[in-house]
Amino acid sequence: MTSAFRRLLDPVIDNNPVTLQILGICSALAVTTSLATALTMSVALTAVLVASSTVISLIRRHIPNAIRLIVQITIIASLVIVADQILQAFAWQMSQRLSIFVGLIVTNCLVLGRAEGFAMRNGVGASALDALGNGLGYSFILLIVGAIREVFGTGALFGHPVLPTLAKGGWFTPLNLMMLAPSAFFILGLLIWFIRTIKVEQVEHEGTAIISADEARKP
Amino acid sequence: MAEFSPLTLWRRILALPNESRAKTVAVAFMVALVCAALVSGTTVVLRPFQDANRAAERQERLDAMMAELPGMEDILARSGADSLEAVIVDLAAGAVAEGVDPAVFNRAAFAADPATSTELSADDDIAGLGRRSDFQQIYLLRDGDDLRLILLPVSAVGYGGRIEALLALEGDLNTVAGLSITGHSETPGLGARIAEPGWQALWPGKEIADETGEIRLHVARGGASSVFEIDGITGATRTGNAVSNMITFWMGPFGYGPLLDALRSGSFRP
């Protein structure tokens, strides 16, 4: 694997922002009641992440250290507003369903984390790839959780019935728990357990629950 | 003598050490400027699309509300009309507004323009609107000569921003046929519950004013105990108060009061 390719794929499983770094949990709970909202949120977050990392990497040599966080957050917030406005203009129904959560991308630690942790000290190409990879990693988890919740909560996928529900004369009883936020916690927990059973190196060592900043930055 | 042009200035700023005060201020200013331009530009460019979406949603709510009102289809079928009549009225005169083209009528623009709106004094402005448009677009449904239904757009400032709604009154102009919240920015889970169908279903059959003409309909604290009360929403007192004030204001002398009087006396001829 070339390094660029690895940079893109590494955050999807091996260094996933949601299941390994446990970032972006809030939106992962809120927007995963259906696959369509999870997909829209994923696209919005990935777009914002790639754009912000690219821009910040582009001007990284001219950002004074004293105001770097403010500059980063200003750029991210502007891009989030733009993404929200575009959704409101061209996907009105979807933006109503996502309500405030597109706007809350600005508080998603994932975006600021990539800007501060990677884009500030790497070139434009590498930063864009890293951002895209992390966006895909986030999207991957969101889509899994969204698909599980929609199938077991409503018996449908993307609104198309896949399991015949009792209400429509079938055999499947929708699990109402799946429509509530706690179910996303359970699914995420099981997912993390599953991934760490296969990839044992992701298990945190006893006593070092928090990875030091230098260790986290290692590619 | 050094040549002085914007380009050399730009280069000199970029060449400054990052930690110098001048560069810090310059970078902060540039980032703010570019971001502000980006955000304002997007908002301006996309505004027409968003307005169209909102208008379509309002129309949908209107249709949905019409579909839910009891017996509405019968009236529509008998009167031969397939939809409502839209009329623009002059609020102060309580009459049809002459010279306002429905095609160009824009409530938000009219309410902001001093030429077509009235500033409300603090005592009169119970709904917190500041200015009130002199004209409003209302919807009528008539069966022959009898007025069966009138839809009135109303608004008030709530806890998180402006609440917009459509109030439907029956032909007696005192019984509520329905209320549909068409826009709000109240707290999700608390005040935002005014937009839920369950709460809006409490409205039909309630009465606006008692025999003396005093406007009494309001959102109660707790459960409703009379025909002039709507169940309050726990944790959303300010939203409930705003909805109460909205009814009091728009049914009163600065809202649709003159229009309703004209309708009762029969002098209003759309």
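## Chain B at a glance

Buried residues account for 42% of the 270 residues in chain B of this predicted model. Its secondary structure comprises seven helices and 10 strands. If you look at contacts in chain B between residues at least 6 apart in sequence, 51% of them join residues at least 24 apart.

Helix 2 gives the most, with four residues.

Phe29(B) sits in helix 2 of chain B. Its relative accessible area is 52%, so Phe29(B) is exposed.

## Aromatic pairs

Over all chains, the whole structure holds five aromatic pairs. One of them is the tilted pair of Phe90(A) and Phe49(B), at 4.9 Å centre to centre with 50 degrees between the planes. This pair joins two chains, because Phe90(A) lies in helix 4 (residues 68-90) of chain A and Phe49(B) in helix 2 of chain B. Phe90(A) is exposed at 53% relative accessibility, while Phe49(B) is partly exposed at 40%.

Trp250(B) and Tyr256(B) form a tilted pair too, because their ring centres are 5.4 Å apart and their planes meet at 35 degrees. Trp250(B) is buried, with 1% relative accessibility, and Tyr256(B) is buried at 0%. Ring pairs also bring in Phe249(B), linking Phe249(B), Trp250(B) and Tyr256(B) into a cluster.

Conventions. Residues are numbered from 1 along each chain as its sequence is written. Chains are lettered from A and ligands numbered from 1 in the order in which they are written. This is a predicted model: local features need pLDDT of at least 70, side-chain atom pairs count only at pLDDT 80 or more; totals for chains, interfaces and linings use all residues. Side-chain values use heavy atoms; hydrogens and water are left out. Buried means under 20% relative accessible area, exposed over 50%, partly exposed in between (1.4 Å probe, protein chains only). Contact means heavy atoms within 4.5 Å. Rings of Phe, Tyr and Trp (its six-membered ring) pair if their centres lie within 6.5 Å; planes under 30 degrees apart count as stacked, over 60 as edge-to-face and the rest as tilted.
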